[in-house]
Amino acid sequence: MQRVLVLDKNKKPLMPCHPARARQLLTQGKAAVFREYPFTIILKERDGGDVQLVTVKVDPGSKTTGIALVADFKRGKRLIWAGELTHRGQQIRDKLLSRRQIRNSRRSRKTRYRAPRFLNRRRSGGKLAPSLQSRVENTLTWVGRLSRWSAVHLLSMELVRFDTQLMENAEISGVEYQQGELAGYEVREYLLEKWGRKCAYCHATDTQLEIEHITPKSRGGSNRVSNLTLACHACNQRKGSQTAAEFGHPNIQKQAKRPLKDAAAVNATRWALWRRMDALGLPLEVGTGGRTKFNRAKQHYPKAHWIDAACVGESGEQVTISPNHAPLQMKATGHQSRQMCRVDKYGFPRTSAKQGRVHFGFQTGDMVKAVVTKGTKCGIYIGRVSVRASGFFNITTHTGTTQGINYRYCTPIHKSDGYLYEKGEALSSATTRVAVSPRQNS
Ligand SMILES: [Zn+2]
């Protein structure tokens, strides 16, 4: 179960507590709710206290980033809080694209003279695209928040897909890959990247891929990475003890000989995140994607972003996750729109100019609870509100949007902070995926 984050009266973090304990403290009046998402309480009397060591662990992804708080108890490491952060990279890209198109069309229209803009933008090196930058900022926002509300002593993140150093050595010295060993997982990640996550022979993608020897072992082929590729089960079987050339794919051997360039393993966004996390001043541990998978498979956890986060790095080797643990879903929504009014398809104003952002004390993006007692919309709604100057709001819950709910029915539970919150799926109900074991042909 998600623990409740606890602050002392000076807003210094204490050890996160069990929800039952938090409820007790709240009913006794010893604590007050500090934040709803993530649920944090503030103790009214307490000043300081014992804390165990807590690690913030991050598994950065392009669409979703997993975040986990792992406490180092005497009995071992335990997941105490987890979240899945959904980024808005695509949304940012689309918005910038539409802005560009509108500006382009405006400039090319037959209108007063406007000097063409051409090669007049300056961009300093090492800058990320806005959609990628937002992923870094989102993740940092949450690492920052969590380290403010819990006693964090270590940061941990997955930096690269696989250990290039290990791979380089493997290409040169032919380190044997062994089934189930950490190196095997690194090799697998490496091969997935190198062969584009598809069968090298039939290019099938939606299937379980097996590690395949280009020159079979029975014909004197080695376990070197340069002799390995990925194949679907059917191709692997059909190929049998033939070499790739005999199987009708002469170029596979040549392709395999070329080691994967370093660049393929290096992801600009992850490095940017790493630099920013490093600057936070806490010890920072890094892990590889191969290691994360290895840790997760060893502990028989299903695949989910928040579970991957808990399994990142060396510190993720042994982490207890209770079966009813459900992560918090956090979806980046951005804050406001700069558009002053809606336009029709010709670009002319369709609505009147935007009113103020706050109406009746509510702002779009606030999480509210509405208890509607009258009319066809009778019921309880907990969700994100879209405010209207008329006082009739829209509330989006996980089941959908209900329009026209009077502000009088609404109570704020969480002020807008750029994220939409929902409770995630528990570990026990997450879809279990069987760990793929690297299989060999003879
Ligand atoms: Zn195939």
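1. E5 and E6 form a hairpin with two residues between them. Strand E5 covers residues 64-73 and strand E6 residues 76-86; the two run antiparallel and are joined by ten bridges. Within this pairing, Ala 82 of E6 is the bridge partner of Ala 68. Strands (E, at least two residues) and helices (H or I, at least four) are DSSP runs numbered from the N terminus, and two strands pair if DSSP finds at least two bridges between them.

2. A remark on the basis of this note is in order. The model is predicted: local features need pLDDT of at least 70, side-chain atom pairs count only at pLDDT 80 or more, and totals for chains, interfaces and linings use all residues. Residues are numbered from 1 along each chain as its sequence is written, and side-chain values use heavy atoms, with hydrogens and water left out.

3. The ion is coordinated by the SG atoms of Cys 199, Cys 202, Cys 232 and Cys 235, at 2.2 to 2.3 Å. Donors are taken as N, O and S atoms within 2.8 Å of the metal (3.2 Å for Na, K and Ca); water is not among the atoms, so sites may look incomplete. Along the chain, the donors follow the spacing C-x2-C-x29-C-x2-C.

4. Why is the arrangement around the zinc ion tetrahedral? The four donor atoms subtend angles of 103 to 118 degrees, which makes it so; four donors count as tetrahedral if all angles lie between 85 and 135 degrees. Cys 202 lies in the loop between helix H5 (182-194) and strand E8 (209-213), whereas Cys 232 belongs to strand E9 (residues 228-232), so the pair ties together parts that are 30 residues apart in sequence.

5. Are these two cysteines buried or exposed? Cys 202 is partly exposed, with a relative accessible area of 40%, while Cys 232 is buried at 6%. The classes are buried under 20% relative accessible area, exposed over 50% and partly exposed in between (1.4 Å probe, protein chains only).

6. On the surface, Val 371, Ile 380 and Ile 382 form a nonpolar patch with about 260 Å² of accessible area together. Such patches are made of residues with over 30% relative accessible area and no salt bridge, nonpolar side chains being joined within 5 Å and like charges within 9 Å. A salt bridge is a side-chain nitrogen of Lys or Arg within 4 Å of a carboxyl oxygen of Asp or Glu. Accessible areas come from the Shrake-Rupley method with a 1.4 Å probe. Val 371 is found in strand E15 (residues 367-372) and is partly exposed at 36% relative accessibility.

7. Most residues other than glycine have a negative phi, and most peptide bonds are trans. The peptide bond from Tyr 37 to Pro 38 is cis, with omega near -15 degrees; Pro 38 is found in the loop between strand E2 (31-35) and strand E3 (40-43).

8. Two residues show a positive phi without being glycine. Lys 11 has a phi of about 65 degrees, is placed in the loop between strand E1 (5-7) and helix H1 (19-27), and is exposed, with a relative accessible area of 51%. Phe 360 has a phi near 55 degrees; this residue is found in the loop between strand E13 (358-359) and strand E14 (362-363) and is partly exposed at 40%.

Definitions and conventions
Four donors count as tetrahedral if all angles lie between 85 and 135 degrees; four count as square planar and six as octahedral if opposite donors are over 155 degrees apart and all others between 65 and 115; anything else is irregular.
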